Amino acid sequence: MYLKSAVVIVLVLALVKAEPFKFDNYRVYTVKVENDDQLLALKDLQTGPHHYEFIDEPMRSGQEVDLIVPPSYQDDFESLVTGKEMKVEMIIPNLQKLIDNERPQKMASRAAEDFGWDDYYDVNTIYEWLYQLEELYDEVTIFRVGTSYEGRDILGVNINRNPGQNPGIFIESNIHAREWITSSSTTWIINKLLTATDAEPAIKDLADNVNWYIVPVLNVDGYEYTREHYRLWRKTRSQQGFICVGVDPNRNWDSYWEKGGIGSSANMCEITYAGPEVFSEVETRSLAEYVLSIRDNLNIYLAFHSAAQMILMPWGHTTEFIEEHEDYMSMLDIAVTTLTARHGTPYTYGPTYTTIYPTTGTSSDWAYYALGIPGFTYEFRGRNPDTGERYSFVAPPDQIQPNAEEVLDSLGALVGRARELGYINGYGKMGKNGVVLTFICILATIVSCEKARYDNYRVFTVGVDSEDQIKVLLDLERMSASGYDFWTSPTKIGRSVDIMVPPHKSAEFEEVMTTYQFATTLKVDNVQELIDNEQPKFKARDGEFGWTQYHTLEEIFAWLDLMLEQYSTVLTPITAGNSFEGLPIRGVLLSYRLNSMIPREWITSASVTYILNEFLTSTDPAIRNIAESYDWYIFPNVNPDGFRFSHENNRMWRKTRSRNGLICRGVDPNRNWGHQWQDGSGPGASNDVCSETYAGPEAFSEPETRQLADFVLQHVDHIKVYLNFHSYGQWILYPWSYTEDPADNYDDLREIGFAASSKLKESYDSDYTVQSSFDLYICTGTSVDWSYGAAGIKVGYTYEVRDTGRYGFILPADQIIPNAIEVLESLVALLGKCEDLGYMTL
């Protein structure tokens with residue numbers, strides 16, 4: 001018997017062939033799973049092109065599954081059936097013959113004016129037809145859900161004859177790529193709603209008195225792939241690892257999502273792979289965001305699938321009934337009765353778990369969970385009720401109209417019963433408050449009040465010896481869902497990178513490193529141990545402030561207040577506005593400008609407060625000279641939201657805390673400035689809203705960066721040096737960050753930087769490298785580049801302070817004072833050289 005193998009390169013080669021995959025003499029069997037031994041045997045079968053293919057994934061004993069068997073595996077299958085005493089029935093003797101009969105027009109695109117329901121159309125033809133409807137009917141509006149992984153538009157149509165009055169129903173169709181009859185039936189229903197006459201009162205009622213939001217094809221990439229390459233493709237087309245493609249988009253929603261377990265697969269090559277994380281797929285994430293944006297308009301959510309002939313309701317993850325079980329069963333009972341009356345198609349109905357099989361992370365369960373409204377899944381017909389012919393997903397086009405007719409009939413009955421029960425009026429039976437409270441629960445799940453832990457996360461230093469290795473690492477870094485956290489970015493051959501690897505990614509990481517011949521060194525064996533040891537065992541008492549521990553934002557603010565009171569003659573409070581969450585961006589004027597933008601870099605704000613204290617209290621003549629000779633604008637922390645979040649929730653948080661989409665938070669504030677900002681489509685930043693280096697939707701989208709820039713511009717005639725403190729790496733970096741072209745005063749910037757680095761080495765022998773930011777790595781929209789290129793401040797540096805990677809961002813508190821001392825000493829040398837070169841005159 002052929003068992004699953006780690007070698008699946010043949011699968012990939014087959015999937016990218018230009019010609020559509022052929023299923024000549026492939027047979028389809030229905031297998032009754034009677035015990036766990038049979039279930040395990042089926043789960044162990046190798047699947048994919050040229051191998052077995054499950055139409056229904058085996059999930060539990062007692063289930064019937066449809067299995068595609070290639071001719072080369074026929075003997076193997078018969079041995080399996082005999083050995084495991086399985087009960088099977090052949091339902092399709094030649095799958096390719098069924099596929100050939102499915103395509104009467106040979107898949108040719110047809111003009112929108114020729115659109116009908118005797119063929120299956122590509123996405124572009126469907127869209128052309130929708131736009132034609134928008135021109136013809138005043139009640140039709142096209143809406144855009146988003147863009148797919150491969151860059152295709154995901155469009156929907158809104159039909160509403162009584163804006164502001166009609167209750168809303170949302171239909172999501174063709175989320176599974178191979179279920180063609182769903183989108184074709186959906187377009188038939190759209191057409192019928194628009195053309196129904198008074199002689200069809202039930203349909204006319206639906207058209208006149210319901211606000212319809214309908215997405216005919218959600219999984220546009222997968223759908224086109226089934227047309228051009230592999231008819232039975234089910235998933236999205238996102239890259240998963242290096243050899244697997246796609247996520248099951250109906251296992252990827254934030255409703256009891258799990259990667260593996262009873263309702264989905266953790267194997268990224270399986271057809272029910274749930275994805276690396278909830279809403280990892282742009283298609284599901286975009287649809288959820290759109291639905292939430294109109295949630296006050298919606299009363300029912302419908303998901304169209306095929307081909308089990310069922311209508312399903314929550315839950316998929318448990319046998320427990322929902323509170324509204326009886327009401328929902330009543331709606332489904334009349335819907336199924338009405339559906340069957342049209343053509344005699346038998347349907348069953350009930351909770352997903354017990355009616356079909358366990359599922360997790362489904363869209364209809366999410367609608368119930370997130371919106372508090374009925375969420376139902378239709379599984380359309382999979383056989384001809386007149387002849388008994390089984391065709392599963394490969395429905396001949398002559399089945400489109402009868403299927404759509406019976407489904408539309410059932411919708412009329414379902415809506416009628418929903419009205420009687422109070423679900424289709426106003427905001428539905430739960431009421432508007434129920435929707436809001438449920439959504440808040442979702443956000444609580446996503447953000448989580450529990451403090452993130454990094455037990456057994458490891459950090460590796462990875463050597464980079466070739467351009468191919470750089471490309472591999474850049475691909476990993478760009479994928480926000482990859483799970484890896486790049487502490488340093490891959491930039492050039494010869495420069496190693498530090499990568500934090502979660503424990504569940506260890507095997508994959510090792511495979512990638514081996515496959516591409518990376519040299520790796522384990523730098524941190526357990527990140528959580530570093531975090532636990534970052535603060536001293538015996539902290540200062542409440543109200544005491546010092547530099548032997550890291551302080552919270554509130555403690556820093558309290559200390560600033562104390563300093564302002566004690567040194568009122570030399571300190572003035574200043575502010576750069578408020579953060580996204582309403583926290584003040586506080587500073588003091590003794591004068592010049594230091595800041596901490598990246599919240600996980602605690603050493604920066606700790607060192608800045610130490611330096612400010614030294615300016616106020618030191619008796620060292622060199623320090624007194626620079627403290628009293630210049631005005632200092634000092635902002636200990638310009639990302640207060642992120643800094644607080646890194647203390648209270650997630651120690652490794654980097655970005656701001658603004659909301660970007662449904663589940664992603666924050667923008668990299670040092671990619672968001674308005675000089676050479678770019679949207680992430682090129683090198684230097686990311687356009688993935690979940691990425692650590694997401695540049696934001698536009699330059700200065702973040703109140704923190706926008707207000708700080710405004711503050712600097714208000715005082716720009718007075719400011720001669722701009723300093724930006726980060727960690728880690730021990731670098732002194734000058735412009736530019738986005739180009740290798742030298743800055744106008746390149747020689748002076750290097751001379752000033754070397755003066756500072758030489759002084760840094762004196763006290764603790766710390767080696768700092770002086771170079772342009774570009775030579776470290778490409779980045780766009782940075783604050784120092786902005787200060788130099790937009791504000792005209794000709795001396796600007798980014799300090800990347802201690803260490804070189806032993807602790808990374810999690811520098812022990814006993815390093816605060818030595819780090820601050822050597823940085824302060826370097827400032828003396830830096831400003832002295834600026835004076836020598838004439839940069840400090842007003």
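Buried denotes a relative accessible area under 20%, exposed one over 50%, and partly exposed a value in between (1.4 Å probe, protein chains only). This is a predicted model, in which local features need pLDDT of at least 70 and side-chain atom pairs count only at pLDDT 80 or more, while totals for chains, interfaces and linings use all residues. Residues are numbered from 1 along each chain as its sequence is written, and side-chain values use heavy atoms, with hydrogens and water left out.

**Stop 1**

Select Lys833 to begin; its relative accessibility of 22% makes Lys833 partly exposed. A salt bridge here is a side-chain nitrogen of Lys or Arg within 4 Å of a carboxyl oxygen of Asp or Glu. The pair links distant parts of the chain, with Glu751 in helix H23 (residues 746–764) and Lys833 in helix H26 (residues 816–836), 82 residues apart. Helices (H or I, at least four residues) and strands (E, at least two) are DSSP runs numbered from the N terminus. Glu751 is likewise partly exposed, at 36%.

Next, select Glu405 and Arg342, whose closest N and O atoms lie 3.8 Å apart in a salt bridge. This pair also links distant parts of the chain: Glu405 belongs to helix H13 (residues 400–421) and Arg342 to helix H10 (residues 325–343), 63 residues apart. Glu405 is buried, with a relative accessible area of 14%, whereas Arg342 is partly exposed at 40%.

Then select Asp767 and Lys761, which meet in a salt bridge of 2.6 Å, N to O. Lys761 is partly exposed, with a relative accessible area of 34%. For a network, select Glu139, Arg161, Asp198, Lys204 and Asp208, joined by salt bridges that share partners. The model holds 32 salt bridges by this rule.

**Stop 2: an open sheet and its helix**

Select strands E16, E17, E15 and E18, which form an open antiparallel sheet in that order; two strands pair if DSSP finds at least two bridges between them. Which strands are at the edges? They are E16 (485–486) and E18 (520–524), each pairing on one side only. Strand E15 (residues 458–462) pairs with E18 over four bridges in the antiparallel sense, and Val462 has Thr520 of E18 as its bridge partner.

**Stop 3: the largest cavity**

Select Tyr550, His551, Ile556, Ser605 and Ala606, which lie nearest the centre of the largest cavity among its 13 lining residues. A cavity is a set of points, on a 1 Å grid over the protein atoms alone, where a 1.4 Å probe fits but cannot get out; lining residues have an atom within 4 Å of a point. Helix H19 (602–617) and helix H21 (640–648) are the elements that give two or more residues to this lining, and H19 supplies the largest share, four residues.

**Stop 4: backbone features in loops**

Select Ser306 and Ala307, joined by a cis peptide bond with omega near 20 degrees. Ala307 sits in the loop between strand E11 (298–306) and strand E12 (310–313). Ser727 and Tyr728 are also joined by a cis peptide bond, with omega about 5 degrees.

Finish at Phe279, a residue other than glycine with a positive phi near 55 degrees. Phe279 is buried, at 1% relative accessibility.

Conventions
On a 1 Å grid over the protein atoms alone, a cavity is a set of points where a 1.4 Å probe fits but cannot get out, and a pocket is an open set with protein on both sides within 12 Å along at least five of seven lines; lining residues have an atom within 4 Å of a point.
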